[in-house]
Amino acid sequence: AVLEGVDADDRMTSARYDPMDPLHRASQKSLVNLLNVFSAFSAVYEAINCSSLTTTELDNSGDVDTKSWPSSIFDLIDKLVLVDSEPKMVALLQFEQSHLFGLRFVSILTTCLDSFLYIESLYSVQDAMLSMQWRNRTSSGNFIIDMCSVERNHFLVSTYLIGGPSERVLPSRDLTDDPSNPYPWPMFSSFPVPSVYRPKVSSYPAESASDSLARFLK
């Protein structure tokens with residue numbers, strides 16, 4: 001509720017207009033502050049390890065608390081990233097902006113490999129993202145393109161393929177001006193990722209040992 005800019009008791013009021021920017025400017029400061037705190041794996045580990053609510057307790061509770069504010073990194077991931085049920089979606093007054101905030105937070109957070117492996121082992125974030133992408137389709141099977149599905153696509157590619165620019169091709173977070181093809185990057189709902197995200201490696205003919213030796217002796 002805090003991240004959405006409203007009080008928990010004002011959920012029935014009309015939401016103010018928010019532009020379809022990648023991330024609203026009102027959320028930038030909160031995002032930067034969080035990333036400054038959790039930039040190191042040790043901070044992520046301590047914050048999650050000290051959380052009073054575990055994934056087991058969450059699974060056994062069965063209820064979604066729509067009034068409580070995120071009080072830990074676990075709450076933030078659960079309420080804003082793992083939005084995998086209708087009650088969780090309804091609990092967010094501004095679903096797209098709040099979900100996008102959580103996606104951007106965990107996407108930057110997991111650029112640290114240690115943090116990604118730890119978070120993935122606890123919450124299976126990749127499986128949750130794939131499931132959300134699969135449900136975010138039309139009746140004909142086409143993926144619905146919005147700012148959240150684009151961010152999820154970027155997260156899935158960046159966490160599945162590890163390496164630098166020469167080892168993977170990350171999809172853009174921006175849409176094109178072409179109305180017939182606003183997002184040219186293929187979306188997916190299962191691994192492995194499409195081959196377009198794997199750069200083509202040029203192959204060079206193997207040089208024989210005799211040729212190398214002959215050049216060396218000249």
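Which side chains meet in a salt bridge with an N to O distance of 3.6 Å? They are those of Asp84 and Lys88. The legends below describe a predicted model, in which local features need pLDDT of at least 70, side-chain atom pairs count only at pLDDT 80 or more, and totals for chains, interfaces and linings use all residues. Residues are numbered from 1 along each chain as its sequence is written, and side-chain values use heavy atoms, with hydrogens and water left out.

**Figure 1. Salt bridge between Asp84 and Lys88.** A salt bridge is a side-chain nitrogen of Lys or Arg within 4 Å of a carboxyl oxygen of Asp or Glu. Asp84 is partly exposed at 37% relative accessibility, whereas Lys88 is buried at 13%. Here buried means under 20% relative accessible area, exposed over 50%, and partly exposed in between (1.4 Å probe, protein chains only). Asp78 joins Asp84 and Lys88 in a network of salt bridges. The search of the whole structure finds four salt bridges.

**Figure 2. Salt bridges of Glu151 with Arg104 and Arg173.** The closest N and O atoms of Glu151 and Arg104 are 3.0 Å apart. This pair links distant parts of the chain, with Glu151 in helix α9 and Arg104 in helix α6, 47 residues apart. Helices (H or I, at least four residues) and strands (E, at least two) are DSSP runs, numbered from the N terminus. Glu151 has a relative accessible area of 2% and is buried; Arg104 is buried as well, with 14%. For Glu151 and Arg173, the closest N and O atoms are 2.8 Å apart. Arg173 lies in the loop between α9 and α10, so its pairing with Glu151 of helix α9 ties together parts that are 22 residues apart in sequence. Arg173 is partly exposed, at 31% relative accessible area.

**Figure 3. Aromatic pair of Phe41 and Tyr118.** The structure holds nine aromatic pairs. Rings of Phe, Tyr and Trp (its six-membered ring) pair if their centres lie within 6.5 Å; planes under 30 degrees apart count as stacked, over 60 as edge-to-face and the rest as tilted. Phe41 and Tyr118 are edge-to-face, at 6.0 Å centre to centre and 90° between the planes. Phe41 belongs to helix α2 (residues 41–49) and Tyr118 to helix α7 (residues 113–123), so the pair ties together parts that are 77 residues apart in sequence. Phe41 is partly exposed, with a relative accessible area of 29%, while Tyr118 is buried, with 17%.

**Figure 4. Surroundings of Val125 in the largest nonpolar core.** A nonpolar core is a set of buried Ala, Val, Leu, Ile, Met, Phe, Trp, Tyr and Cys residues joined through side-chain atoms within 4.5 Å. Of the 37 residues in this core, Ile73, Val81, Phe105, Ile119, Tyr123, Val125 and Met129 touch the most other members. The elements that give two or more residues to the core are α1 (25–37), α2, α4 (73–81), α6 (95–109), α7, α8 (125–135) and α9. Leaving aside neighbours within four places in sequence, Val125 is in contact (heavy atoms within 4.5 Å) with Val81, Leu82, Ile119, Glu120 and Phe155.

**Figure 5. Aromatic cluster of five named residues.** Tyr160, Trp185, Phe188, Phe191 and Tyr197 form one aromatic cluster.
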